[in-house]
Amino acid sequence: MTVSTDSDAAAEAAASVNGNRPGRARRGWLLIGAALLVGTMLGLGIGLVIPHLRTPGDDSVEAGFLRDMSTHHAQAVEMSMIAHEKSTDPDIVYLANDIALTQHGQIGYMQAWLRDWNLSPTSSEQPMAWMPDSAGSVVNGLMPGMATADQLATLRKATGKDLDVQYLTLMRAHHLGGIHMAQEAERLSSNDDVTWLAGTMVASQQGEIALIDDMLKKIQGS
């Protein structure tokens with residue numbers, strides 16, 4: 001065993017240094033034993049404390065962001081399913097399918113992390129409470145970029161080119177709001193998983209905005 005090997009080596013070293021001074025050797029072993037005991041206790045203490053410190057709390061930036069972004073993503077999935085079902089433009093259908101699948105998968109990540117942290121998927125806090133200086137970013141209970149109930153109702157009734165333009169316009173605004181939230185989460189969070197996911201959201205949605213702009217120009221110019 002490693003412990004016995006280390007002990008034998010330490011004993012030989014102590015004997016060679018101390019010669020025929022057993023009192024000093026015994027004191028040396030007492031000090032070594034005490035140091036090992038303290039080290040063990042510190043290790044146990046760190047093992048117990050650090051996981052707790054690393055787990056975001058109910059009022060943390062991480063919990064607030066994951067809860068709010070889950071709600072934000074759910075609306076993007078809803079709008080994309082409408083466009084996927086009703087649009088006759090293959091490019092719109094493909095984009096809507098991609099957004100719905102991507103954001104539904106990210107909701108899965110976010111909800112799983114909340115469960116792992118023993119936190120509720122919802123909170124009694126107001127939306128965006130996790131973000132400093134967020135006053136004014138929530139309008140009529142809606143987070144940045146989210147469509148109103150009237151806009152969603154109009155989208156459901158739309159057809160043809162009108163449906164495509166409405167969907168792309170609403171999704172562009174939705175992405176801009178989501179990017180703002182994700183960038184703040186990247187800046188404020190100290191959790192590697194959360195900052196990774198937020199960064200992924202920023203990159204993918206910025207790319208989709210560029211694609212949406214091109215599609216809007218094509219549709220409106222035709």
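Modeller: Gln 106 touches His 73, Leu 197, Thr 200 and Met 201, when residues up to four places away in sequence are not counted, and a contact here means heavy atoms within 4.5 Å. This is a predicted model, in which local features need pLDDT of at least 70 and side-chain atom pairs count only at pLDDT 80 or more, while totals for chains, interfaces and linings use all residues. Residues are numbered from 1 along each chain as its sequence is written, and side-chain values use heavy atoms, with hydrogens and water left out.

Biologist: Does Gln 106 count as buried or exposed?

Modeller: Buried means under 20% relative accessible area, exposed over 50%, and partly exposed in between, with a 1.4 Å probe and protein chains only. Because its relative accessibility is 6%, Gln 106 counts as buried.

Biologist: In which helix is the place of Gln 106?

Modeller: Helices (H or I, at least four residues) and strands (E, at least two) are DSSP runs, numbered from the N terminus. The protein chain has seven helices and zero strands. Among these elements, the one that holds Gln 106 covers residues 90-116 and is helix 4.

Biologist: How far apart are the end C-alpha atoms of helix 4?

Modeller: The expected span of a helix is 1.5 Å times one less than its number of residues. With 27 residues, helix 4 should therefore span 39 Å, and this agrees with the separation of its end C-alpha atoms, which is 39 Å.

Biologist: Which helices do the buried residues of helix 4 pack against?

Modeller: The buried residues of helix 4 include Ile 92, Leu 95, Gln 103, Gln 106 and Trp 113. The partners against which the buried residues of this helix pack are helix 3 (61-86), helix 6 (160-188) and helix 7 (192-221).

Biologist: What is the C-alpha separation of Ile 219 and Asp 164?

Modeller: Ile 219 is found in helix 7, and because its relative accessibility is 9%, it counts as buried. Leaving aside neighbours within four places in sequence, Ile 219 is in contact with residues including Asp 89, Ile 92 and Asp 164. Although Ile 219 and Asp 164 are 55 residues apart along the chain, their C-alpha atoms are separated by 8.2 Å.

Biologist: What share of the contacts with a separation of 6 or more comes from residues 24 or more positions apart?

Modeller: The protein chain has 222 residues, of which buried residues make up 37%. Among contacts in the chain with a separation of 6 or more, the share from residues 24 or more positions apart is 77%.
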